[in-house]
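Below, terms are set against their cut-offs.

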Amino acid sequence: MSRSAHPAGPRHADVLPEGHYTAPPADLNALDPKVWAHTVTRDQDGVVSVGGIEVTRLAEEFGTPAYFVDEVDFRARARAWRTAFGHDADVFYAGKAFLSRAIVRWLHDEGLNLDVCSGGELATALSAGMPADRIAFHGNNKSEVEIRTAIEAGVGRIVLDSFQEIVRVAHIAQSLGKRQRVQIRVTVGVEAHTHEFIATAHEDQKFGIALADGQAAEAVRRALALDGLELVGIHSHIGSQIFDMAGFEVAARRVVSLLAAIRDEHGVELPEIDLGGGLGIAYTSDDDPSEPHEIAKALSEIVTRECEAAKLRTPRISVEPGRAIVGPTAFTLYEVGTIKPLDGLRTYVSVDGGMSDNIRTALYDAEYSVALVSRTSDAEPMLVRVVGKHCESGDIVVKDAFLPADLAAGDLIAVPATGAYCRSMASNYNHALRPPVVAVNDGEARVIVRRETEEDLLRLDVG
């Protein structure tokens, strides 16, 4: 179906001072399987489907903006991580990426454990039936109420993040007559190749206890001396959206060196090492993430080699993929509103969502892809910036991408790989209503997190 074209912006990105793309893709209708969920397809009319349901039908039933999660894809990715690491390692899904009770049930079904970092995430996990002993509790400033709730529930481990927390957890555990399994999070001085705000292992940041100046060794001494704690391992997390395994190799070497020092000083070989998460996904066709079996093989070889060199028994490895599981399984569906060409620059395409449903572009300068999904088009590509409806110039969803030059108001466009850190970081900025999360599976769609309403907003406003 032909649409009247708007005056198009430039066809090539080389006129821009910045931007991810240098040339339009060969085929605007192609859907890169690295970026889109497994069951996403496009028919001969150009209409995209997920789980066998056309997006036009999904938009009619659930409205836009909305997040659509491919349940088959989610389960397959969770299963792939579980299979890759086998029964001699633990896979903890990082709930901060996105958590709901449906997600918890899927994780339970597929044999994964769960990592939480707040009382709310813990409550969600427990309410959906995740066994407490399969839950790890993170966080740099857990409240006493959160710690008490976690210990009373019987969480499998608490990751200690400071000297104060060592004492706090031990005291609460003793007051409850329990001995809590804990790990100590150390910062190993490895700065991952990622955005500054999501690199979390160099010393100048809020997480963990520094390894370089002996603080981590002192934290171990204190944890081993307290009756309320059972120290079972060391935890390290070097950042997010990482593609290069070299950082994990350096981190593992330094953590194993700490394990060896603990053995030499205390005569104890700790049985666990958690290497965290942060493995990257494909947001654009230029991204090239590793498969779970490749990551599992590399991490296992790194730890085994370092432990053999230190004459240590190889500890049980844990990893914490969150984004790597849920990120690629979802896309956000928008309706196009205003289209504003800027001659010699680009065309601004405004949608009915924005930074309230995806803050990552504004916060992290994140890159995303976008596609016209409600029809086909053979129009020339035009360079666009997809923006939201909020009162901020930084309200950008996709910085630079190509869409057909005949794009029109009312078209549906979709941004893939939005399963992680989009709904979980969504806000009510400008009193926007947070979108629903809809799970799609084999021709059926169901809401797993409903759309907010104005009544929801007003219910919290007590006047």
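**Labels and their grounds**

Ala66 sits in strand E4 (residues 66-70), a strand being a DSSP run of E with at least two residues, numbered from the N terminus. This is a predicted model: local features need pLDDT of at least 70, side-chain atom pairs count only at pLDDT 80 or more, and totals for chains, interfaces and linings use all residues. Residues are numbered from 1 along each chain as its sequence is written, and side-chain values use heavy atoms, with hydrogens and water left out.

Q: Why is Ala66 called buried?
A: Buried means under 20% relative accessible area, exposed over 50%, partly exposed in between (1.4 Å probe, protein chains only). Ala66 has 0%, so Ala66 is buried.

Q: Which residues does Ala66 contact, leaving aside neighbours within four places in sequence?
A: Contact means heavy atoms within 4.5 Å. Ala66 meets that cut-off with Phe331, Thr332, Leu333, Pro435, Pro436 and Arg451. Leu333 is 267 residues from Ala66 in sequence, yet 5.5 Å away in space, C-alpha to C-alpha.

Q: What makes Cys117 partly exposed and Cys391 exposed?
A: Cys117 has a relative accessible area of 32%, so Cys117 falls in between the two cut-offs. Cys391 is at 64%, so Cys391 counts as exposed.

Q: What makes a set of residues a nonpolar core?
A: Such a core is a set of buried Ala, Val, Leu, Ile, Met, Phe, Trp, Tyr and Cys residues joined through side-chain atoms within 4.5 Å. The largest has 114 residues, and Tyr93, Ile184, Ile234 and Ile413 have the most contacts inside it. Helix H8 (residues 246-266) gives this core its largest share, nine residues; a helix is a DSSP run of H or I with at least four residues. Apart from this core lies another, of 24 residues, including Trp36 and Leu412.

Q: Which residues does Ile184 touch, not counting residues up to four places away in sequence?
A: Among them are Leu160, Ile209, Val220, Leu231 and His235.

Q: How many nonpolar, polar and charged residues line the largest cavity?
A: Ala, Val, Leu, Ile, Met, Phe, Trp, Tyr, Cys and Pro count as nonpolar, Asp, Glu, Lys and Arg as charged, and the others, Gly among them, as polar. The lining has five nonpolar, two polar and one charged residues.
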